[in-house]
Every structure is written in structure tokens, then in C-alpha cells.
Amino acid sequence: MTNHVLLRQFLCVAAIIAATVLNPLPSDAQQPDSAARLPAVTVTATRGEQAIVRVPLALTRIGTPQLRAVSGYGLDEGLKFVPGVVAQSRYGTSDVRLMIRGFGARGAGDRSNAGTSRGIRILLDGMPETEPDGRTSFDQIDLASASAVEVIRSNASAVWGNAAGGVVNLLSVPEGNARTLDLEPIFGSFGLKRYAVRAATPFGDGVGFVNFTNTTFDGWRAHSSARRSLLNFGTQGNLGRARIGFYASGANNLFRIPGPLTRAEADSSPRQANATYAARDERRYNRIARVGTTVDYAFDSDRSRSLSGMVFVSPKYLERSERGTYRDFNRYHVGGNIVGRAALPIGTARSTLTVGADEAYQSGSILFYSLTPEGTRGTTLRDNKAEGANNLGIFGQDELWLSDRLGITAGARYDNITYYYKSFINPRLDTDKAFKRVSPKVGVVLMTGADRSIYANVGGGIEAPAGNETDPAPTLGLDTVYAINPLLDAIRSTTYEIGYKAINATIGTLPLTASYDVAFYTTDVRNEIVPYAGGRFYFTAGRARRSGAELGLNLESRAGVFARSALTLSRNRYVDYIVDSVHYGRPGHFADYGDNDIVGIPSVTFNGELGTTVPGIHALRVKGEVEHTGKYFADDANTVNVPAYTLFDVGLELRNGAFTTGGWGVSGFATVRNVADKRHIASAFLNPDRVNGVPVAFEPGTPRSLVVGITVAPVK
């Protein structure tokens, strides 16, 4: 898809607007205030609570019922029916390879990024799990403690800054303020044991809540065991005109990394671990906490003017066995924001202006030790340094509704992302480096009914290299002169998008409701960051283009039949990409990867579900699922092919506590995954190391497995 095609599509949208904006709404949508009849499907990740159909962005919301039908250890299960999203569980744990429209592909594609993602902003109750350098760990992300998940697939830099790939916002505050108590044990193959407790109680006119999960997993591959305990709790309520929230969370997370295999090893014995990874006991052991508070003050009873603020602090202690060293990290992450909103009537139009600022800072010491043969910390201190990052963003946005049908959103954000480096062994390397960018965004939405709309947008994006990607190359001794690679720049992108969406809409006289979402996009990327030498250092490598079409569909019939699907078709190509082989010991030689496929991104993904309620037991649902991931390349030269795969699941789901005993209701689910026990490659290391010329890239996927969950709660 070229920019000319997108331009024609935008002109079509403009023609529709010109033809219909002055006409009345259809009879089923005429009303003095169309917002009053909109479906109650809203999102908060847009910096304010808004109905999905009135936002000129690609948005998806996953509610509580869907989240209670999966084990929820990793994000992959919860996001599989979101088009444009690829979430691959690398080993069956919380270590997930997460991409949105290709962004994030490299974030977990090599060993130094295990258990993290880059380019996608992750929020928990509106507070950033994403660090100032754009990298996110999943230590505190657990779907069993979430009440909803919101996903922005559109370029989100104009609102959130260093998040060109979009936003995933997990909400743990329960909907409503009723007293609840859920006990949910989950058991599965390969020693999976999960215990979740969720409780909430009215607190004044607000709610207090607490969620706890404890997970252990033996792992299906050798050296892939994991365990995690997670607690989050808080309160949210009104004090006069102010709505105040307090949130706290903490996680103790340990997972071992089995590592990649050669293709021959993956085919012959997929349960084995990479011998080097097992010998070094490569693992991550993270202990993380966060405390934060929010205040939202309304100056008027109708909340036409408001001022909100948020502050948080997050201490972290991280231990890793990685690349032949034992690494200790002591970090603290602090930050906050302030946002003002005001409704400004302009004649018959309605304008809502939002302005604000975000600030986040992270710093701490890093100690590298030798690694003993047993994989424990040695006695030789190899490096002693401090690395910090600060992310300052200032943004403004105006939503102008010219009528009940037509809205225009325009805004921009300025980001200054600065890295700091301090060496306690070689102080002359002390330095800093800043990445700056203004990211504009313009969008238009045309309501074609109370529950559906057409939208279009164009916007800029920024994605800074993660802290571990700023190391200089050892070529010509650069690493003895620079602590931060002077040749790196921030990724800059421009995205063009059009789409159509409907929420809980009727289709003619058919006895069903439908929610659907169609989107077309093209993203032009400059300064793509790519790894050299298996991710040991990175360079900026020219231009790329990502184009795609997405379809999300959710159908519910009155007869009890239901279906969900998410289809993504994309073309992801390098436009300009020259490899300087001086970094591989061949000065004067170059490789041209222009017109190659971008590494790590499948061109086709599809997830589908079809099921029905059981006659006479309407809370019992039977369903079948299919998952297809197309082939992709694991290296920029396009010589290492990761094959496509198609998997089938079957499951039962009991909703709404249909069975009761002793004042308690019972619900739950049972799922058999990969029913055909198909061998497949679930994920891959990108631009992998080669041993004797053979790429070591492939991470085999989980074989047939069973997961059963039971939720017990008092009957209301």
C-alpha cells in the first residue's frame, strides 16, 4: 500500500464528509445529544474517558468476561483477538514477544531484551510500567488481576510520547463499587499452578480493592521453569469535587531462559534447552514495587473544567545471569503528570482542550560480576556504572465537534528523552545524550449512527533506543572512547490511517449484535534501529515502510451462537538499509538490504473463535479456536526463515456462577490448546548468532496442553 493509495482513501473519506455532514442522522440516531445514546463502551487510555466510536483512533477494549476465560499468565492470551497485535509466548511464561503494527518486533528479539518490550507503552491503572527509555518489563502484568484491558493500535506518540507502536492499558480497579470476593485456582499441563484472589468493597462512594496471584510453572522445555507472586491494591473515591485514587503493587518474578535452538535441534528435540544457556543458568530475577496516587478535581458540577495529577515511585532490584556475566541492578523510577481540560463552546460547536506534561526519571547502579561455572555471582567485579534516563513531554490537544456527527482532533507533543551514563571505573566516559522530537496528530471522525463511525488520522511518532541499545560498537575501539553510541538517533515515524468501527450494532433485521473494526494504515519509518553481532550493539539503518489492513469482528446472536476474529494483513519492507561490514571485520564491504522484509514481523495473522451456549444451560459455552501466524524472516538478510503455523484449541466456559452451593457460585473454564499437538516455532531470536555457520534462532512452541480454571464467589 503506497502513500498515493492512502491519499485516495483520505479523499474518499473527505467526500463522504462533504456529502453527509449537513444531513440529519438516520432516524435511529436523531437526538439532541448523540453522546447520550452511545453504547457504554469507553476507554481511558486516550487521556480522558471517551466512547470508542467517537475517537479517531484504532481502539479495542477487552472486558472482564474474556479475561476470566484464560489462564492470564502472559499478555498473549488476552490480546489474541486484537487485530494488528502479535503477542507470542516465548516459553509459556510472562516472557511475551509483543508487537503492534510491527513496533516492538525487536524489543524481545535478542537475549538482552528477554522479558521486555520496546516501542509500546504499557500502563497499569494509568501509571507507566514503561521506563523512560521506552522499554517495559512484564513483571507486574497479570491478566488474572485485571478487570479490563484497553489497546490503542494507532500511533500514540502525540498523546503518550515514546510509544509509536501504541498503548496497552490494564485496569485493576473493579467496575462498580459492589462488595466482591473471587477465589480462582488454575491448573495446567507442565506443572502450571496459579492461584488468584480478587476482592473489593465499597469505600464511601468509591471502592477499595486487592488482587493477589501466585504462579509456579515447571516449564515444558528444559531450563524454562518460572514463578511469580504479585500483589496490587488500592482505593478510589470522591472527596468533594475531587476524585482521589491510591494504588500500590509489587511483584517477585523469577524465570529461566531456555534460549534458542538451531532448526535441526528444534525439529528433532524441541524440549531441550540451548546448552550454553542451561550451563550458565541464564535467568531473570526481578523484585519490583510501585506506589502512586491520582487526583482529578472538577471546577464545575458538569466537569467541563478539570485538573488532574498523578505521582508515583517504583523501586526495583534486578538480578540476571546473562552473556557470561552476573548483573545486579538497583533502580528507582519516579514520575508523574499534570493534565488540564476545559470545554470551550464556540458558537454551535463544542471544543474540549487538553494540555499537560509528563515527567519520568529512572536511575540506579549496575554491577557486572564474573559468572561461576554454576551460574552464580563470581568475585570479580567487571564493571561498575550508573545509567539514568529522563523523559519530559509537553502536549496539547483539542477535540472540536462541529456538529453531533463530525469531530476533529488536533494536537502535538514535544518530547525530550535524555540518557545519562556514569562510570565508577573510567570516569572519562561519563556523558549524556538527548533525543528530541515534536509529534503532531490530526484526526477526524464522522458518526454514521449512534453506534458506528468512520475515522481518519495522520500523526508523527518517536521511539528512542532502549538503554541497553545505546552501547557503542567495539569496532576501532569506539567503546573505549564513548559510553553512548554517538551514531544512534531516535526512530521517527509518520502514520496514515483510515478506519470504520461499530460497537454493539445491529445488522438489519438479523437477530444478532456486532462489534467490528476495519483499519488501513501506512507507517513510514526513518532511522530504524537494527542490531549488529547478535544484539551486542546497534546502529541506525535508514528507512522502512509498514502497511497493513486489519479486521476485528465480534458477533453475538440471540440464539446463543457467538464468534470472534482478528485478521491482520501487512507488508513490511526496508526502503533504505546498508550494512557496513567493517563491524564484521570486512572494511570496505557493504550489504544492501533495501527492499527486504523487515525482520520478525509475520505478514499474516489470524485468530478466530466460534461457539455456542448449551441449550438449557445458557451460562455454559462450547467453543473452538484457530490461530494462524504466517512466516517471517529472523534476519535482515532474509536468509533465516521462520515457518508459518496453524493451531487449533477447544474449550468450555461456564459464566456467571451458574452453579451454586452453600451460598457460593461456581464458574470457570477448561481449554485444550494445540489439540493436534503440532510442532511449531512460536518465536525467534532476531539477527541471531551463528555457530559453525548455522543460525541459532528458533524457540519451539508449546505442544498440546490443558488448562483448567475454577472461580468461586459468593452469590449476590
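**Cavities in the predicted model**

User: What's the class make-up of the largest cavity's lining?
Analyst: The lining of the largest cavity has 19 nonpolar, 19 polar and six charged residues (Ala, Val, Leu, Ile, Met, Phe, Trp, Tyr, Cys and Pro count as nonpolar, Asp, Glu, Lys and Arg as charged, the others, Gly among them, as polar). This is a predicted model, in which local features need pLDDT of at least 70, side-chain atom pairs need 80 or more, and totals for linings use all residues. Residues are numbered from 1 along each chain, and side-chain values use heavy atoms, without hydrogens or water.

User: Which residues lie nearest its centre, and what's its volume?
Analyst: D76, E77, S89, E627 and R673 lie nearest the centre, among 44 lining residues (those with an atom within 4 Å of a cavity point, on a 1 Å grid where a 1.4 Å probe fits but cannot get out). The volume, the space filled by probe spheres set on the points, is about 760 Å³.

User: Which element gives the most to that lining?
Analyst: That is β4, with five residues; α3 (75–79), β30 (561–576) and β43 (705–714) are among the elements that each supply at least two (DSSP runs, helices H or I of at least four residues, strands E of at least two).

Technical notes:
On a 1 Å grid over the protein atoms alone, a cavity is a set of points where a 1.4 Å probe fits but cannot get out, and a pocket is an open set with protein on both sides within 12 Å along at least five of seven lines; lining residues have an atom within 4 Å of a point.
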